[in-house]
Amino acid sequence: MENPVTVIQSVKLDDENSKLILLDQTLLPNETVFLELTEMEDVWDAIYQLKVRGAPAIGIAAAYGVYLGTKKSNAETFEALFEDFKKVKDYLASSRPTAVNLFWALNRMEDRFKSEEGKSAAEVKAALKEEAELIRAEDEKICESIGEYALSLLEPGMGILTHCNAGTIATAKYGTALAPIYLGQERGYDFKVYADETRPLLQGARLTAWELQQAGVDVTLICDNMSSIVMKEGKIQAVLVGCDRVAENGDTANKIGTSGVAILAKHYNIPFYVCAPLSTVDLDCKTGEDIHIELRPSEEITSKWYEKPMAPQDVKTYNPAFDVTDHSLITGIITENGIAYAPFTESLPKMFKK
Ligand code: MRU
């Protein structure tokens, strides 16, 4: 029987009713609610509010979104339809800045649109639907392949630390950093997984712990400031994380707190792996300096999740949603085409040529 978690589809297209179906990740683990969205404002909001989140899932949602938004257009000519497409594309592109998959998926949809030049509006819409479905289907295979490469680096019984959620619900299926854990689970690897809670939005506590527990994986939830002690106590043999954008030199943006984990892993001599679909590798960013880091509202730190505010009113806050892990701290970047090792400036471009 297939694992009950890896069958969950967090992003789906209901083409018959022109709806985008999203698992509302903000309500987990308490409620499992699927949203049915028809308006582009709601798709934008779902991305901004992290109802759909995780770089690959954001890309898939944007691809379906731009298809559904274009499908609504009454334009009859190729040129007029393209104008409507561009409006939806630019609008969705403004929802979150860091995960490159959003822009990657939207650009891929634009390329497909342009390749249909000369076709009727109905034909172009059908092509957009096909492309969005392809993006979803390919992601499933990509995650599986990342999982196999990552698993080749691991031994049964290992303790693995992960940060944020790079699991099934952040992708089409299996996840990236959690993919080897699911594959290992099927093969009796008996990993002991430590999930950082991931302040301030608690993706580790709410999503990773929820996914792994339901899948029957041995998972232990820790606060972010406990990763040092579990490493020191010898409980961790590898760190696996996902990513939102990898620069050409290997510098990697991922959920805030990731770079601290990497620094600790280096200190304790623990391998630190980034699981990265090539759709998250942005060779146009030369280094992490080029990556735009999203800043989010204060209340995520001061009052969200609490019955009463847990900080003085109007206290100044700084809430970057991501940080950049320096390439020197990364043992390997695991892609669907193989594992890239330093120097990443040489190894990463080669991954695209396989
Ligand atoms: O703000 P989020 O929850 O979208 O951030 C998600 C992450 O940082 C994930 O690690 C990353 O997108 C990889 S998901 C396979």
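Predicted model: local features only at pLDDT ≥ 70, side-chain atom pairs only at ≥ 80, totals over all residues.
Seven strands make up an open sheet, and their order is E6-E5-E4-E7-E10-E13-E14, with mixed pairing. Which strands stand at the edges? They are strand E6 (218–222) and strand E14 (338–340); each has a single partner strand, so one side of each has no neighbour in the sheet. From one strand to the next, the twist averages 25°.

Within that sheet, strand E4 (residues 159–162) and strand E7 (residues 238–241) run parallel and are joined by two bridges. If you want a place to look, Ile 160 stands opposite Ala 238 in E7. Helix H9 packs on the sheet and touches E4, E5, E7 and E10. The direction of H9 makes about 145° with that of E10.

Next, the cores. As a general point, nonpolar side chains in soluble globular proteins tend to be buried together. Here the largest nonpolar core has 41 residues. Those with the most contacts inside it are Val 11, Leu 20, Leu 22, Val 52, Met 109 and Phe 113. Several elements each supply at least two residues of this core, among them strand E1 (11–14), helix H3 (78–93) and helix H5 (121–151). Which element gives the most? That is H2, with 11 residues.

Take Met 109 as an example. Leaving aside neighbours within four places in sequence, its contacts include Ala 63, Tyr 67, Phe 85, Leu 128 and Ile 135.

There is also a second, separate core of 35 residues. Leu 28, Leu 154, Ile 160 and Leu 178 are included in it.

Last, the backbone. Most residues other than glycine have a negative phi, and most peptide bonds are trans.

The bond from Leu 28 to Pro 29 is cis, with omega near 10°. Pro 29 lies in the loop between strand E2 (19–23) and strand E3 (34–37). The bond from Arg 199 to Pro 200 is cis as well, with omega near 0°, and Pro 200 is in the loop between strand E5 (192–196) and helix H7 (203–214).

Two non-glycine residues have positive phi: Leu 50, near 70°, and Asn 269, about 60°. Are they buried or exposed? Leu 50 is buried, at 6% relative accessible area, whereas Asn 269 counts as exposed, at 70%.

Conventions
Residues numbered from 1 in each chain as written. Heavy atoms only, no water. Helix = DSSP H or I, 4+ residues; strand = E, 2+ residues; numbered from the N terminus. Buried < 20%, exposed > 50% of the residue type's maximum accessible area, 1.4 Å probe, protein only. Core = buried A, V, L, I, M, F, W, Y, C linked by side-chain atoms within 4.5 Å. Contact = heavy atoms within 4.5 Å. Pairing = 2+ DSSP bridges. Axes fitted to C-alpha atoms, helices over the stretch in contact; angles between N-to-C directions.
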